[in-house]
Amino acid sequence: TKVTLSLPSKSEKLESDVVFVLDKSTSAQIEDQALEMLEKLRMQIDKTDAKVKVGIVIFNKIANVSSWFDLSSQFDQIEVAIRKNITSGTNCHAGLLAGKEMLDQDQEVEAKRKYMIFVSDGITYMYNQEPTVTAWSFENDGSILSWAGPDNFSSKYGQTLPDWNTYLNDVKTKLESQGNTYDYPYGTTPTKTTPVDQSKEYLNSVDKALYYTYSTYESMKDEGYHCYALTGNSEGNYPWAFSFMDYLENQKEVSFESIQNDIYYLLDQGTYVEDFMGKGKDNYGNDYDFDFITDTKQFYMMVGNHKYVPEFIEENHYGFNHQENGYAYELFYYPDEKEHFIWKMNVPVSQFEHVQLVYTLQLINPQKKAGEYGEYDEDGHLFKEGLKTNTQAILHPIDSFSKELEPEEFLSPTVSYKVIETNVDEPEKPSETIKTEVKKSTPVTTSPVATGDDTKQEFWYALLGLS
């Protein structure tokens, strides 16, 4: 039987979504950097069969949403959408809601292949899809004021930067008790305002805008989307806003270059897979044992549409795709009691094309008694126990920042075969070669097996995808 180890999974569609959520005040310099990143991605995609869709949300007091664009064929339209000039108001919450909706609605792309890039100066005081503010009353130089704007923050807290965890938890608690009692549509006249003598205890427009921005951003991360927060314009007299943007990104420095690497690379060099050949008991309690076939004609690698055959380095050590500094990939085989191999990546693995090792296993002790042995499960998702092709296969990943991640275990496919007893009219004839049939019309590699004088055996093998 043949087994395919695939990174990404063989069944995974090589499609990705990238949504930009841009503040209206985003500078031309930032726009240039975003377009440069997309141009580099476009060049990488054009060498593969992958697809990337790009969506643009530019927010002022509302979210202005583009359609989806194909990165390979609609780059000019993407540039026009990013450079669109919009004025009036800042509603980060509306922008993120629109970006989330775009990603949520695309059911063809997996969550782990969705990316949201949020660029803003963080100066926000509106919230909801339809711009909403809070009628917060406060005293200033003996005057009673009630208006919504970014200066609400300093009017309530002064110039001290908050501990954002504590601040947001406090806003959440007060929001549960105060609700939307003092909300009103931006641009209209409020009918009810907060008590001026308790202004410190009531939420204002900036409080709510920051909390809703944070909670929407976190909900996208919770759904498995990759989210990035970049400060788009650090000029101005609102240090709390810039501090808030840093908080969203956990104080990490993020750049368009690092985002591009996240989108393009699945794993970095140094990643390896440890794969143990199948061995155990079948569904009748019989011992079974799969051997890895070391004949170099029986295993190979595919990187996208390029095939690489193994080159012998030394005993039980093979290389694929020889380059100036050595081989891009290596395989180390260990034919001991725990028969296994290590498949090592000496180059990064891209999200945009499958990197696959295809190899052959031989069942060395098939049964002769009539019956059907094992249960067929092409990729292991049914969690069958009999006739596992792999006792265990473990991915040891390195991310694009050269950081070792927690090992991940592959599912274990299983195979089945049937032995059929038939009468043979001429027992003195030489033994017949077994007829091999394949389920699901998939390719197969087998070796002839001799039969006894009075029976004929039939085995079914199928192509497996280990993902």
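The points below comment on a predicted model of a protein chain.

1. Overall composition. The secondary structure of the protein chain comes to eight helices and 30 strands. Of its 467 residues, 50% are buried. Among contacts in the chain with a separation of 6 or more, 75% are between residues 24 or more positions apart.

2. The largest pocket. This pocket has a volume of about 1,100 Å³. It is lined by 37 residues, and those closest to its centre are His226, Leu266, Gln351, Asp399 and Leu405. Two or more lining residues come from each of strand S1 (2–7), helix H6 (205–222), strand S11 (226–231), helix H8 (256–264), strand S12 (265–267) and strand S26 (408–409). By class, the lining divides into 18 nonpolar, eight polar and eleven charged residues.

3. The cavity. The structure holds one cavity of 30 Å³ or more, and the volume of the largest cavity is about 30 Å³. Its lining is made up of Thr134, Gln178, Gly179, Thr181, Tyr182, Leu203 and Lys208. Two of these lining residues are nonpolar, four are polar and one is charged.

4. Ser120 in strand S6. Ser120 belongs to strand S6, which spans residues 114–120. Its relative accessibility is 1%, so Ser120 counts as buried, the limit being under 20%. The side chain of Ser120 makes a polar contact with the side chain of Asp23 at 2.8 Å. Residues up to four places away in sequence aside, Ser120 touches Asp23, Phe59, Cys92, Leu230, Thr231, Gly232 and Met245.

5. Aromatic pairs. The count of aromatic pairs comes to 31. One of them joins Phe118 and Tyr217, with 6.5 Å from centre to centre and 50° between the planes, and is classed as tilted. This pair links distant parts of the chain, Phe118 lying in strand S6 and Tyr217 in helix H6, 99 residues apart. Phe118 is buried because its relative accessible area is 0%, against a limit of under 20%. Tyr217 has 1% relative accessibility and therefore counts as buried.

6. An aromatic cluster. Phe153, Tyr157, Trp164, Tyr167, Tyr214, Tyr238, Trp240, Phe244 and Tyr247 form one aromatic cluster.

7. Leu248 in helix H7. Leu248 is placed in helix H7, residues 239–248. With a relative accessibility of 2%, Leu248 counts as buried. Neighbours within four places in sequence aside, Leu248 is in contact with Phe118, Tyr214, Tyr217, Lys221 and Ala229. These contacts include both rings of the tilted pair described above, Phe118 and Tyr217, as well as Tyr214, which is one of the residues of the aromatic cluster.

8. Thr216 in helix H6. Thr216 is located in helix H6, the helix that also holds Tyr217. At 6% relative accessibility, Thr216 counts as buried. When residues up to four places away in sequence are not counted, Thr216 touches His93, Leu96, Leu97 and Lys100. Helix H6 is also among the elements that give two or more residues to the lining of the largest pocket.

9. Ile394 in strand S25. Strand S25 covers residues 390–396 and contains Ile394. The relative accessibility of Ile394 is 14%; this value is under 20%, so the residue counts as buried. Ile394 and Glu274 are 120 residues apart in sequence, while their C-alpha atoms are 5.2 Å apart in space. Glu274 is also in the set of residues that Ile394 touches, again without residues up to four places away in sequence: Tyr272, Val273, Glu274, Pro407, Glu408, Glu409 and Phe410. Of these, Glu408 and Glu409 are at the positions of strand S26 (408–409), one of the elements that give two or more residues to the lining of the largest pocket.

How values were computed: Residues numbered from 1 in each chain as written. Predicted model: local features only at pLDDT ≥ 70, side-chain atom pairs only at ≥ 80, totals over all residues. Heavy atoms only, no water. 1 Å grid on protein atoms, 1.4 Å probe; cavity = no way out; pocket = protein on both sides within 12 Å on 5 of 7 lines; lining within 4 Å. Points joined across faces, edges and corners; volume = space filled by probe spheres on them. Helix = DSSP H or I, 4+ residues; strand = E, 2+ residues; numbered from the N terminus. Nonpolar A, V, L, I, M, F, W, Y, C, P; charged D, E, K, R; others polar. Buried < 20%, exposed > 50% of the residue type's maximum accessible area, 1.4 Å probe, protein only. Polar contact = N/O pair within 3.5 Å; in protein donor to acceptor, adjacent residues only side chain to side chain. Contact = heavy atoms within 4.5 Å. Phe/Tyr/Trp six-rings, centres within 6.5 Å; stacked < 30°, edge-to-face > 60°.
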